[in-house]
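Colleague: I am new to this structure. Please take a close look at the aromatic pairing and the part of the chain around it.

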Amino acid sequence: PRREGDPPACHRVGKLRINGHFNQLETLALLPIIDGQNVIFKASGAAKDEALQAFQSLILRLVAASPVGRVLLVTIDPQGRGDNVVGLVDINQKETTEMTAYIEANLDNLLRHLSSVEETYLSYTCPTLADIRSHRGIYPIPHRILAIANFPHGFSTTAIQKLAVIMKQGAKCGVHTVMVADTDLATEADLERLDNSANVISYQQGRFVYQNMEYSEESPQDF
């Protein structure tokens, strides 16, 4: 059960529509992020605007619904330089002239954080932060959300490799990735490597599609 001071485990992204043979079920679409999986919004062309709006809404919900200081945000927005996460961006991202170096520096910081968490907190009996929370009743450190807009813009091959490691190993250490991937630029190989560690949502024909389920089309403020 959720305890006071815990960030919410699930966050709403819209309405989930499940089509059966004889009827249709509609309910809230919830994504487990804290202690759950990473999230990738996939889109191309004009659909990227819809995916970015859903991404923005989800990030804001994550931050607003969590107790102060229990969720820390790391933003990477190579094209918008923070405009896609207004009010939540590192000011250094606005001023940097070397976006690729900025991205790799942020990913390196997160990799060091993963190593530190494993060495300091995790053990054979408690291999994840969620296990520690079950035993002690509280997470020992804040969760971190890596919010990436417009992947793979600005990402070098090395940065993509580092991101794959973070997405694969991050959840047990309280690091969760939410990103928008531009499928016009991202290679199938890169996306397949990242997909294995994430819930994948794509925007197709006016609706969000998630693992053969459909999200009803809604305006961003209704998410």
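Modeller: The count comes to 1 aromatic pair, where rings of Phe, Tyr and Trp (its six-membered ring) pair if their centres lie within 6.5 Å, and planes under 30 degrees apart count as stacked, over 60 as edge-to-face and the rest as tilted. That pair is Phe151 with Phe155, edge-to-face, at 5.0 Å centre to centre and 70° between the planes. The model is predicted: local features need pLDDT of at least 70, side-chain atom pairs count only at pLDDT 80 or more, and totals for chains, interfaces and linings use all residues. Residues are numbered from 1 along each chain as its sequence is written, and side-chain values use heavy atoms, with hydrogens and water left out.

Both Phe151 and Phe155 are buried, a term that means under 20% relative accessible area, with exposed over 50% and partly exposed in between (1.4 Å probe, protein chains only). From Phe151 to Pro152 the peptide bond is cis, with omega near 10°. Pro152 sits in the loop between strand E5 (143-151) and helix H5 (157-169); helices (H or I, at least four residues) and strands (E, at least two) are DSSP runs, numbered from the N terminus.

Asn150 lies in strand E5. Its phi is positive, about 65°, although Asn150 is not a glycine. Most residues other than glycine have a negative phi, and most peptide bonds are trans. Asn150 counts as buried because its relative accessibility is 5%.

Strand E5 and helix H5 also belong to what covers the buried residues of helix H6, together with strand E3 (38-43), strand E6 (175-182) and strand E7 (198-204). In H6 (residues 188-195), the residues Asp190, Leu191 and Leu194 are buried. Down the axis of H6, the buried residues fall within an arc of 95°, so they line one face of the helix; the arc is that of the directions from the helix axis to the C-beta atoms. On the face of H6 turned away from the buried side are the exposed residues Glu188, Ala189 and Glu192.

As for the protein chain as a whole, its secondary structure comes to 6 helices and 9 strands. Of its 223 residues, 48% are buried. Among contacts (heavy atoms within 4.5 Å) between residues at least 6 apart in sequence, 69% join residues at least 24 apart.
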